[in-house]
Amino acid sequence: MNKKMRIVPILCAAAILTGCSGSNADIGDETTVSSETSAVTAENTSAKAAEDNSVTSSDISDDTKMYIPKDMLGEGIIDNILSEYVTSSADAKIMSDENAAKLDEAFRNIRINNSRFALPMMIMALPKGFSVKIDYDSKSEKITEDFRIYSGELCMDDEMCAQIAVMMREDSEEKYGIIIGITAAMSSMCKWSFGDIKYSNDTEKLVECFGEPSADLTFSSSLSSTAYVTKNGTMIIFYNDLNGITCMKLDTDDTIQNMPLAEYVPYDDFDGIPEIPELTGEPREIDWSIIFDNDCVIIGNEKYPALIRVGDLGEDITLFDFDIGKENSANPEYLLDNYLLMYKDREIGMLGAYRKKDEKPEYAVITSWMFTNYPEYKFPVAVMNIPFSQNFDNILKIYLSPQKNNDSSIKRYLGIAERETEQYMCTLILMNSSVIFNTAPASMNSETYKSFLEELNKQ
């Protein structure tokens with residue numbers, strides 16, 4: 001089983017998409033953003049009444065211990081397993097006993113969609129509403145006694161929210177499988193936290209919680225991560241370029257005492273958000289002046305004009321640094337900032353913003369919004385009065401004159417908006433699972449504006 005290879009595609013997708021965002025080439029580098037498309041507040045969850053603990057100490061029978069390895073994993077086996085994630089575990093700096101104890105404590109307070117997990121723990125202890133799907137074809141060689149490791153999916157209400165690793169004795173029932181690790185928890189998949197960590201690129205917080213890292217890892221030229229490793233095979237990787245983690249705890253001695261710590265907390269973050277009415281009315285051309293309206297972009301309870309400053313976004317919006325301070329090759333007076341876009345700690349896409357070189361990032365003006373995997377959103381989203389819940393084929397009957405292209409699944413609109421002495425190049429692209437919405441000022445790049453007008457006139 002090559003567990004690392006199950007994670008790398010998730011990470012590489014962002015780099016691949018960032019490098020091939022040709023769907024927005026009209027506006028130039030300064031407004032092109034894309035992503036595969038994850039952060040969490042574990043605060044306040046203690047204030048919510050836990051409705052159910054799946055397992056208490058009295059529920060755990062004596063024979064449960066039969067399904068926990070009696071022997072500690074050998075150093076060679078640990079190194080072999082860790083090498084799936086850390087290229088050379090021998091080169092990793094082993095954590096001090098003091099910091100390792102802090103890491104162990106964090107493993108007892110992992111939050112997935114508000115509910116609490118304590119690893120390692122048996123499947124029988126899962127909080128209410130959670131289940132596991134094990135891939136039995138992924139089984140490893142025997143690692144100790146009759147135990148093997150399997151990959152699997154952690155599901156909430158039948159939807160996958162994380163990838164996991166399960167250690168299980170060959171003759172045991174599935175409920176006795178021990179969840180020893182989360183091989184992928186990304187904010188695009190779930191809301192997560194690990195101890196006090198909410199954002200995997202928060203280097204200062206990582207050092208505050210766990211000390212200096214064991215290793216800095218690079219999965220590709222643009223995707224890096226920070227790893228912590230202990231002498232007994234406990235490991236966590238924090239991804240710097242996508243908000244997510246991979247963690248593993250190979251010492252199963254605490255399995256029994258961890259199980260009662262698992263706790264169900266309702267995932268009601270999006271309750272009570274009103275639906276967005278469908279776009280209706282007579283067929284018409286798009287009125288691009290909508291980009292200046294305060295509800296041009298709607299994300300849950302948040303409403304914004306298209307060209308809002310980064311620092312003016314609401315508190316439920318979190319921006320995860322992706323590529324900050326890149327010089328605009330078309331106009332060196334400006335810098336470009338790209339972020340992962342999260343709403344209530346769930347990744348929903350990316351955005352791009354531009355600023356003068358002497359301006360701080362919070363003053364950058366957003367020129368590009370990209371929403372990915374919108375059919376999976378648990379909250380309403382809309383741009384230009386188009387709710388993502390509406391069938392986009394119906395939009396063609398209302399907003400006329402999309403740009404013709406060879407792919408009928410892509411609806412692409414171009415237009416010009418004006419305010420005072422500035423003109424804005426507007427692009428709206430509707431796809432099966434993604435929406436790209438750009439509004440670039442013509443003054444940023446006169447050559448790009450000229451090309452844009454030429455294309456617009458061909459429609």
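This is a predicted model: local features need pLDDT of at least 70, side-chain atom pairs count only at pLDDT 80 or more; totals for chains, interfaces and linings use all residues.
Two strands count as paired when DSSP finds at least two bridges between them.

Strands of a sheet pair through backbone hydrogen bonds, in either a parallel or an antiparallel sense. Strand 22 (residues 422–430) and strand 23 (residues 434–441) show the antiparallel sense, over 7 bridges. Within this pair, Thr427 has Asn438 of strand 23 as its bridge partner.

The largest nonpolar core holds 126 residues. Seven names stand out there: Ile112, Phe194, Ile291, Trp369, Phe371, Leu428 and Phe437 touch the most other members. With residues up to four places away in sequence not counted, Ile112 touches Phe117, Phe130, Leu154, Cys161, Ile182, Ala185, Cys190, Lys191 and Trp192. Another core, of 7 residues, lies apart from the largest one. Among its members are Met425, Ala440, Tyr449 and Phe452.

Cysteines were then checked for bonds. A disulfide is a covalent bond between the sulfur atoms of two cysteines. The cut-off used here is 2.5 Å between the sulfur atoms. By this rule, the count is 0 disulfides. Cys190 is one example: the closest cysteine sulfur, in Cys161, is 5.7 Å from its own, too far for a bond. Cys190 is buried, at 0% relative accessibility. Cys426 is another case. The closest cysteine sulfur to that of Cys426 belongs to Cys296 and is 8.6 Å away, again too far for a bond. Cys426 also has a relative accessible area of 0% and is buried.

Charged side chains come last. Side chains of opposite charge can pair when their charged atoms come close. The structure holds 18 salt bridges. One of them joins Glu170 to Lys142, with the closest N and O atoms 3.8 Å apart. Glu170 lies in the loop between strand 6 (159–169) and strand 7 (178–186). Lys142 lies in the loop between strand 4 (130–135) and strand 5 (147–156). The pair therefore ties together parts that are 28 residues apart in sequence. Both ends are partly exposed: Glu170 has a relative accessible area of 38%, and Lys142 is at 43%.

The side chains of Glu208 and Lys205 meet at 3.6 Å, N to O. Both residues lie in helix 4 (residues 203–210), 3 residues apart, which is about one turn of the helix. Glu208 is exposed, with a relative accessible area of 56%, whereas Lys205 is partly exposed at 25%.

Arg309 and Asp312 form a further salt bridge, at 3.2 Å from N to O. Arg309 is partly exposed, at 34% relative accessible area. Asp312 is partly exposed too, at 42%. Salt bridges also link residues into a network, made up of Asp104, Glu105, Arg108, Lys249 and Asp254.

How values were computed
Residues are numbered from 1 along each chain as its sequence is written. Side-chain values use heavy atoms; hydrogens and water are left out. A salt bridge is a side-chain nitrogen of Lys or Arg within 4 Å of a carboxyl oxygen of Asp or Glu. Helices (H or I, at least four residues) and strands (E, at least two) are DSSP runs, numbered from the N terminus. Buried means under 20% relative accessible area, exposed over 50%, partly exposed in between (1.4 Å probe, protein chains only). A nonpolar core is a set of buried Ala, Val, Leu, Ile, Met, Phe, Trp, Tyr and Cys residues joined through side-chain atoms within 4.5 Å. Contact means heavy atoms within 4.5 Å.
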